[in-house]
Amino acid sequence: MTRRLLGSALVVVAVALFPLSAGNYPVKLLQEILIWGLFAMSLDLLMGYAGMVSFGHAAFFGIGGYVAALALAKSPGLVSALVLPALAAGLAALVIGFFSIRVSGVYFIMLTLAFSQMFYAYAFQVSWLGAEDGLVGIPRPVVPGANVSSLRGFHGYLLVVVTLSALVLWRIVRSPFGHVLRGIHENEARMEAVGYAVDRYKLLAFVIAGVFAGLAGSLYVQFNGSIGPDAFFWKTSGEALLMVIIGGTGTLGGPVLGAAAFILLQSLVSTYTERWMLILGGTFILFVLFAPGGIVGALRGRVGLRA
Amino acid sequence: MPADLFAQALNGLAYGVLLFLLSVGLTLIFGMLDVVNLAHGSFYMLGAYAGLSLIAGTGNFWLALLLAPLVVGLIGALVEVSCLRPLYRRPPLDQVLLTFGFIYLFEDLVKWIWGGRIRSIAPPDLFSGSVSVWGAIIPSYRLFVIVFGLVMAVMLWLLIERTRLGAIIRAGVFDAEMTGGLGINIKLVFTTVFAFGAALGGLSGVIAGPIQSAYPSMGVAILIPALIVVVVGGLGSLKGSLVGSLVIGQAETFGKAWLPDSSMLIIYVVMATVMLLRPQGLFGRPLK
Amino acid sequence: MVVNALAVKVRWSEADPAGIVFYPRFFEWFDLGTEALFESLGLPWRELFPAERIVGVPIVETGARFAAPVRYGDEVRIETTVSDVREKTFRARGIRRRPALRHRLRGAGLGRAAGEPRRPAGRPTHSGRHRRPPQGRALSMKPALVFETSVRKLGECGGHFWAPASGEPEELNGCQPRDLPNRSIIGRSHSPKEGTGMDKVTRRKFLGGATLAAAGTAMGPWVLRAGAQSGPIKIGVVLPYSGVYAVLGESITQAMELVFARENWTVAGRKIELIKEDDEMQPPVGVRKTEKLIDSDKVDILTGPVHSGILMGMRDKVHNSKTILIVSNAGADAISRERCSKWIFRTSFSNWQPCQPMGGWVAKNVAKDVFLTAPNYQAGKDMMNAFKETFVPAGGKIVAEDYPKLGETDYAPYLTKIRQSGAKAVFAFFSGTDAVNFVKQYTQFGLKQNIKLTGAGFLTEPDVLPAQGAAALGVITGHFYTPLLDNATNHRFVKEFRDKYFGKMPDGFACQGHDTAEVILRALKAVNGNTQDKDKLVDAIAKVEFDSPRGRFKFDPKTHNVIQPFIYVREVREVYGGLNNVPIDKVANVADPGTGCTLPA
């Protein structure tokens with residue numbers, strides 16, 4: 001356990017120092033990895049710990065992103081950048097979760113998918129959200145004590161936010177609440193029989209996951225300066241799932257690794273060959289077949305996803 | 001006004017029938033194997049492209065209509081045997097994810113072989129004009145699609161309800177394990193059903209080709225409507241698939257005609273409403 | 001692993017009227033096996049229990065899974081082993097499972113067993129669990145039953161396959177022994193929860209290899225790029241090279257390369273280097289690639305993109321980094337209006353330009369009752385608004401407007417509405433896949449005879465014309481180019497393009513690429529290849545003027561947008577052995593109004 005903490009701390013330090021040694025483009029890639037890593041981590045809380053597979057997680061990513069875009073355009077402060085998007089996403093998660101928790105398994109997948117597609121359809125067509133083009137020209141927030149508009153400044157800010165989020169998630173997972181979630185994942189009927197209000201726990205997990213997904217979406221807007229309806233599209237949810245699987249469910253570090261793998265594949269392989277989608281799909285299939293525990297799972301020698 | 005309504009209703013019927021051909025395969029696969037085949041849209045796409053090549057090669061639309069689904073069915077069988085079978089014992093999520101990976105794979109494969117351009121598929125000469133039906137003008141090809149689709153629906157119903165294979169499939173949909181326990185080679189049945197579903201998807205792709213043309217992202221585009229149909233109709237139910245697709249076909253068509261700004265939203269709202277009021281769909285079996 | 005096997009024949013009394021063993025019998029067999037196991041270990045219950053003062057072994061849980069029927073007359077082999085031992089309970093299961101847990105049992109058992117109340121049997125599960133307090137020994141195994149029959153052998157042996165008690169495979173009832181492991185146990189090949197059977201080693205190797213490959217790929221380009229220093233002039237290209245719009249990316253690139261090749265890829269003594277990046281028509285990817293080109297590759301001039309969304313996404317980056325961008329396609333009006341920048345030039349068109357002249361022309365030459373339709377996004381709305389600017393003053397009436405969603409595949413409802421609207425003509429903007437589907441379906445619905453189809457040039461450009469085929473005949477569109485233009489520059493361009501690219505005809509996109517390259521060459525020549533002084537270069541670009549295949553090329557100093565020498569009205573006809581946009585009329589000097597643009601900005 002201490003080894004893992006040390007390892008994680010080392011990684012954080014390495015990431016922090018990265019801009020000093022590398023050019024702008026690799027640093028930007030790393031920042032994207034951090035953002036998507038947070039998104040994937042939030043999904044992992046839902047999937048790997050609570051055992052709820054959602055194909056609509058992009059809904060909260062998109063909500064966080066659009067709320068941040070609208071808020072930052074009006075007043076670029078930390079509240080707009082972090083608080084409002086997270087709250088909005090959390091609220092949406094509360095509403096969507098309330099309806100979705102009633103069903104499980106495949107039906108849960110489909111219902112969450114439907115909800116996120118609703119947001120997609122709405123954002124795609126209405127002009128106040130920029131329709132197909134989305135919102136552009138979003139300024140970075142003004143953070144006291146740091147110049148977030150510069151590459152290095154943003155790097156530090158992003159790292160702090162993501163690391164703190166990861167820590168919070170880590171604490172949640174280790175807490176009694178996290179254990180109850182895992183119990184629900186293993187055997188819901190038993191947990192219910194023992195007396196836990198399973199539905200409430202699931203809803204809470206859903207909301208927490210939504211909050212952090214919204215945060216990731218907001219960071220994405222701050223990183224890119226723009227957001228479009230694709231943020232809500234089901235393929236975005238699917239890509240997050242991909243990252244979680246490749247990295248390893250039920251671990252918090254895994255999804256970040258998965259995000260790294262995905263983004264590196266997308267950015268670097270596409271420089272060399274047009275067939276990067278083939279490679280991505282093939283890699284993912286191989287992982288699902290042979291290494292269901294993902295990278296982390298294999299490194300730990302685990303046998304696979306919890307049944 | 002009535003002629004207008006009727007014209008739009010015909011449009012909706014043609015689209016609905018297309019959706020039916022696609023979604024019936026999806027619902028069978030889910031009903032039997034508990035697999036949400038996200039790559040089903042890819043079978044649709046492969047069917048369209050296979051049809052494209054077959055027409056280019058033989059110059060005969062009808063031959064392509066016959067052969068292309070077989071090709072796609074074969075591909076489906078290969079996928080099932082090689083990749084899905086090892087996953088049956090794993091939680092259903094793994095299978096869903098596997099099919100998701102196949103979406104990327106197939107799309108790029110198609111781009112590689114046929115290029116990224118949009119490709120046109122000509123309707124058969126027999127049906128290349130337009131006809132007037134009670135004052136509504138509709139391309140004769142779409143009329144053919146409606147008739148073909150309804151005939152297929154009847155044939156499928158006969159197959160499922162009146163043949164031994166159909167009985168096995170129904171039994172498998174109801175309880176695969178028990179069916180296996182009765183001594184039926186359930187693995188072969190699984191493969192057959194998957195291949196059959198894929199072939200139906202491919203068939204709908206060939207049929208849709210002359211209307212929509214063929215392009216690499218067509219699978220992803222049609223997948224959502226197909227999923228919605230299956231959910232609304234009830235996973236695993238043929239009747240549900242038919243009713244669901246007709247309903248969604250009309251909803252989407254009239255949505256586009258009357259509320260163009262919200263046209264995309266309408267079908268999702270329909271889906272969510274059905275899921276909330278009756279999660280198993282209109283004709284699905286009650287949730288366990 | 002301790003195992004005991006016992007062979008038992010099914011008796012008449014044990015079968016039901018259908019000849020199948022009555023299921024409670026299995027539980028008796030379980031217990032039989034358990035007892036036999038203890039006996040085989042030298043601990044028969046009749047001696048063990050009194051010796052250890054054990055009252056009995058209460059069962060807390062039992063269950064069975066019936067894989068296939070067993071019939072009267074069959075011989076059954078009961079194999080028992082222990083799969084799981086815990087402090088107070090242990091689990092006996094089938095052979096296939098390895099023992100889940102092993103504990104040293106401490107003496108806690110005896111006294112307890114004596115005084116402990118019996119636990120009732122719980123609900124059936126997949127195991128039989130027995131509470132048994134043995135003493136001190138590492139393990140006493142409690143047997144349970146495995147009974148499984150291979151479903152695979154159905155039809156061959158009447159539904160069963162089983163090994164005889166002796167352990168030696170032999171033929172029984174006409175069945176061939178399968179090649180089984182030495183225990184010749186029947187049943188499924190592996191237990192459900194063990195995964196696919198790939199062992200850890202293979203998994204590790206696979207992932208190790210994959211990580212190495214990924215790391216290697218990751219290092220690659222950065223190492224390579226580090227070598228590229230000053231010397232050649234670097235032109236960045238952000239275009240789609242994959243997907244439906246790849247044809248546009250290719251056209252533009254091909255023309256650029258044609259022009260550069262004319263000058264031997266050299267200008268003012270320096271070599272020209274083209275760095276191409278695929279933006280996949282997706283704004284996040286496009287912006288990422290833009291940043292790569294600007295930050296990593298340090299391009300001197302950037303060109304592209306096709307997608308207006310990408311253009312808007314890269315605008316600030318380009319502007320703030322003072323990188324010169326020559327837009328070679330994307331038509332977002334905003335770039336020539338409120339979001340213009342001194343660093344951004346456009347050689348292609350603004351969405352306004354092909355449409356605005358068409359309004360007046362259509363009103364005068366086609367019809368005054370027009371139905372407008374375009375995809376529901378900014379470009380579509382912009383184009384329709386531009387059309388209205390000259391259409392309405394010329395006496396035209398907009399009968400109705402419809403904006404189907406971008407990427408629509410089935411236009412049937414909209415086409416029916418068009419027919420029912422009473423319009424005499426349609427003005428439409430669609431591009432790519434949408435254009436193909438719309439035009440084809442328009443013809444399929446029989447609308448073309450009575451309702452003239454007109455539109456912005458993209459409706460029938462060569463990227464979609466082949467797929468549209470005969471459906472496109474007679475469609476009238478407005479565009480700044482068609483390969484059939486009759487001027488010397490165009491003749492030369494068409495000839496050279498076809499010679500170089502195997503007979504392929506250049507299109508509007510190729511013209512855009514041609515002009516982009518020409519602008520770059522001429523401006524660089526004017527500053528003698530000095531890419532360091534960016535302000536001077538910008539001035540040079542702004543002043544460029546030359547003969548383009550489309551006519552006399554000039555930038556509008558107010559907007560940095562090209563002033564279209566002509567917007568041609570073209571009709572699709574079958575000429576020169578194929579479908580072509582034939583110019584039938586033209587409007588001169590179309591410059592974007594540039595409202596809201598203040599340069600230098």
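What share of the contacts in chain C with a separation of 6 or more is accounted for by residues 24 or more positions apart? In this predicted model, the share for such residues in chain C is 69%. Chain C has 601 residues, and buried residues make up 56% of them. Its secondary structure consists of 15 helices and 21 strands.

An open sheet of seven strands is found in chain C, in the order β13-β12-β14-β15-β16-β20-β21, with mixed pairing. The edges are taken by β13 (397–402) and β21 (578–590) of chain C; each has a single partner strand, so one side of each lacks a neighbour in the sheet. From one strand to the next, the twist averages 25 degrees. Strands of a sheet pair through backbone hydrogen bonds, in either a parallel or an antiparallel arrangement. The pairing of β12(C), residues 369–373, with β13(C) is parallel and extends over five bridges. Within this pair, D369(C) has K397(C) in β13(C) as its bridge partner. Helix α9 of chain C, residues 378–391, lies across β12, β13, β14 (425–428) and β15 (452–456) of the chain. The helix runs at about 160 degrees to β12(C).

Several loops of chain C carry local backbone features. The peptide bond from G304(C) to P305(C) is cis, and its omega is near -20 degrees. P305(C) belongs to the loop that lies between β9 (301–304) and α7 (308–320) of chain C. Positive phi values in residues other than glycine occur at E280(C), with about 55 degrees, and at H560(C), with a value near 65 degrees. E280(C) is placed in the loop between β8 (270–278) and α6 (283–296) of chain C, whereas H560(C) is in the loop between β18 (551–556) and β19 (561–562) of that chain.

S336(C) has a relative accessible area of 1% and is buried. Its side chain is joined to that of R346(C) by a polar contact of 2.7 Å. Which residues does S336(C) touch, not counting those up to four places away in sequence? They are R346(C), S350(C), T559(C), N561(C), D592(C), G594(C) and C597(C).

Helix packing was examined between chains and within a chain. The crossing in which α10(B) passes α10(C) is right-handed. On the chain B side, T253(B), K256(B) and A257(B) of α10(B) meet P413(C), Y414(C) and K417(C) of α10(C).

Within chain A, helix α11 (residues 253–272) and helix α12 (residues 276–290) pack at about 150 degrees, with an axis separation of 9 Å. This angle makes α11(A) roughly antiparallel to α12(A). α11(A) also passes α12(A) in a right-handed crossing. F262(A), L265(A), Q266(A), V269(A) and S270(A) of α11(A) make the contact with W276(A), I279(A), L280(A) and T283(A) of α12(A).

In chain B, strands β1 (residues 130–133) and β2 (residues 136–139) run antiparallel and are joined by four bridges. V131(B) stands opposite I138(B) of β2(B). The hairpin of β1(B) and β2(B) has two residues between the strands, and W134(B) in this hairpin takes a positive phi near 50 degrees.

Conventions: Residues numbered from 1 in each chain as written. Chains lettered and ligands numbered in written order. Predicted model: local features only at pLDDT ≥ 70, side-chain atom pairs only at ≥ 80, totals over all residues. Heavy atoms only, no water. Buried < 20%, exposed > 50% of the residue type's maximum accessible area, 1.4 Å probe, protein only. Polar contact = N/O pair within 3.5 Å; in protein donor to acceptor, adjacent residues only side chain to side chain. Contact = heavy atoms within 4.5 Å. Pairing = 2+ DSSP bridges. Axes fitted to C-alpha atoms, helices over the stretch in contact; angles between N-to-C directions. Left-handed = near helix turned anticlockwise from the far one by under 90°. Parallel < 35°, antiparallel > 145°, perpendicular 65-115°, else oblique.
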